[in-house]
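Biologist: I have the file open and would like to go through it with you. Can we start with the strands and then move to the side chains?

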Amino acid sequence: MRKRHRHIKLREQISVDKIYSFHYNELRQGYVYSGEKHDFWEFLYVDKGEVEITTDFSTFHVKQGDIVFYTPNEFHSLRCNRKTPPNIFIISFECKSEAMSFFSHKALHLGNEERQLLSQIIEEGNKLFVLPVARPYSVTVKRKSAHPLTRKEKFDFGTEQLIKIYLEALFIRLIRNNQVQAQKPKLSSITKEKGQRELVGRIVRYLEEHLHEHPSIDRLCAEFALSKTHLRTVFRQHTGSGITEYMSKLRIERAKQHIREDTCNITEIAERLGYTSIHYFSRQFKKATGMAPSEYLKTMKAQM
């Protein structure tokens, strides 16, 4: 006689079935997108700067770290301010789960865990898709690509499934973390974590303000009264990279911002950021973005 085993069938409260678009855009300041609507979901995440989103129901001023959702058939348009050129990440997708109604007409702020999931989605997307490129520090793509979303000929095992899993995990965490719940008592470890985040935030602001001076590790240790070991450990724990690597990325991002603002030429940008020569600046820029500063400028002008 065949033995019956008791089991529990796992329920899926959110299931992403299809992806229609997947791209990371670096926009010029003052860029305007007149709008569209479609019969599937979409979200827009602001990685740098800020944008103004207008929908059928509201207007959102979306800043760095914020995400806004558009429901199926909801008209949405975008406008950049004339101060800071933004970087945005967009995915449009099909999800018929009832739980998605939580995101209707909402803009939310992402925490560290949600941003990590978003980073993993971008990483796997770069392995899977041919166009458009979905990566910061790379070739800029237009808001509307003439190329359909297509798979590469070769990609890692399980990449598509990981994108689906990470997307669903992102939505689940956002719902959990933004539902009204009774406040739990804070533990001392949480207080310590908050203090470390604030410390790293001050260090990052210091780096941003002194980029042209190339501050050394010794200088940072003296400025913040930290040992080299503690500085490096805490900084990597909260940013995912070493200080030198982080400063290099900051300088490239600042250079890209200057190029998009179109307020000074390539030589002046190199001098402002403390590069020893324009040739060294160009090599570092191309290494980080895949193109020379002059090529990046051309892609920006093509958006106008």
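Biologist: Which residue in β8 does E42 stand opposite?
Modeller: E42 stands opposite S92. This is a predicted model, where local features need pLDDT of at least 70 and side-chain atom pairs count only at pLDDT 80 or more, while totals for chains, interfaces and linings use all residues. Residues are numbered from 1 along each chain as its sequence is written, and side-chain values use heavy atoms, without hydrogens and water.

Biologist: How many bridges join β3 to β8?
Modeller: Seven, between residues 41-48 and residues 87-94, and the two strands run antiparallel. Strands here are DSSP runs of E with at least two residues, helices are runs of H or I with at least four, and both are numbered from the N terminus. Two strands pair if DSSP finds at least two bridges between them.

Biologist: What is the strand order in that sheet?
Modeller: It is an open, antiparallel sheet of five strands, β1-β8-β3-β6-β9. The edge strands β1 (18-26) and β9 (107-109) each pair on one side only.

Biologist: Which helix packs on the sheet?
Modeller: Helix α2, residues 159-178, touching β1, β3, β6, β8 and β9. Contact means heavy atoms within 4.5 Å. The direction of α2 makes about 80° with that of β3; axes are lines fitted to C-alpha atoms, for helices over the stretch in contact, and angles run from 0 to 180 degrees between N-to-C directions.

Biologist: Changing topic. Is Q196 buried or exposed?
Modeller: Buried, at a relative accessible area of 15%. The cut-offs are under 20% for buried and over 50% for exposed, with partly exposed in between (1.4 Å probe, protein chains only). Q196 is found in helix α3, residues 188-209.

Biologist: What does Q196 contact?
Modeller: Leaving aside neighbours within four places in sequence, Q196 is in contact with V234, Q237 and H238.

Biologist: Now the rings. How many aromatic pairs are there?
Modeller: The structure holds 18. Rings of Phe, Tyr and Trp (its six-membered ring) pair if their centres lie within 6.5 Å; planes under 30 degrees apart count as stacked, over 60 as edge-to-face and the rest as tilted. F285 and Y296 have ring centres 5.7 Å apart and planes at 70°, so that pair is edge-to-face.

Biologist: Where do F285 and Y296 lie?
Modeller: F285 lies in helix α8 (residues 278-289) and Y296 in helix α9 (residues 293-302), so the pair ties together parts 11 residues apart in sequence. F285 is buried at 0% relative accessibility, and Y296 is buried with a relative accessible area of 0%.
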